[in-house]
Amino acid sequence: MKYINIFAVVFAVSLPLISFNAAADEAPAAKAKLVIQVSDGDSGKWNLALNNAKNVQQAYGADKVDIEIVTYGPGIGMLKMESPIANRIDDSKKAGVSIVACQNTMKNMKLTNDDMLPNTSYVPSGVVEIMKKQGEGYAYLRP
């Protein structure tokens, strides 16, 4: 009789754990998150950042990853109207990559929104934006 009671106790304790693990397996996976810093005015660095974003989207699936490219300092030059990589930037935006420009940098360089590529998004501070994203669980990359 004691043997049956021990078995019943072990079964009773195990049942909630089995149910919990089954529920955990059914929960949707959280989106992957990546923030990429571009603070160099070199088009090669920009192309590398855009390639990284595209490769991550291909690896995870574009709908399963949030990617933001944060640009400040000399890197902001590639977001200007005369950017030699404007088409690539536009393609990345269309693919769901968020590309943001630092308004502190714009102010210091005397740039206005009219100087920038269409559909550019803005943040008050590029460095603070990266810090916020890391606090939200974004992985950080600086190519």
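**A core and the strand that runs through it**

In this predicted model, the largest nonpolar core has 24 residues, and the members that touch the most others are Ile36, Trp46, Ile69, Ile89 and Ile99.

Leaving aside residues up to four places away in sequence, Ile69 is in contact with Ile36 and Val38, with Trp46, Ala49 and Leu50, and with a run made up of Val97, Ser98, Ile99 and Val100.

Now for strand E1, which covers residues 32-38. Six of its seven residues are buried, with under 20% relative accessible area, so E1 is largely enclosed by the rest of the structure. E1 has strand partners to look at, too. With strand E2 (residues 65-71), E1 pairs in the parallel sense, and seven bridges link the two. One of the pairings puts Lys33 together with Asp66 of E2. To get from E1 to E2, the chain passes through helix H2 (residues 43-60), making a β-α-β crossover that is right-handed.

E1 also runs parallel to strand E5 (residues 139-141), and here three bridges do the joining. Across this pairing, Val35 sits opposite Tyr140 of E5.

How values were computed. Residues are numbered from 1 along each chain as its sequence is written. This is a predicted model: local features need pLDDT of at least 70, side-chain atom pairs count only at pLDDT 80 or more; totals for chains, interfaces and linings use all residues. Side-chain values use heavy atoms; hydrogens and water are left out. Buried means under 20% relative accessible area, exposed over 50%, partly exposed in between (1.4 Å probe, protein chains only). Helices (H or I, at least four residues) and strands (E, at least two) are DSSP runs, numbered from the N terminus. Two strands pair if DSSP finds at least two bridges between them. A crossover is right-handed if, with the strands pointing away from the viewer, the path from the first strand over the helix to the second runs clockwise. A nonpolar core is a set of buried Ala, Val, Leu, Ile, Met, Phe, Trp, Tyr and Cys residues joined through side-chain atoms within 4.5 Å. Contact means heavy atoms within 4.5 Å.
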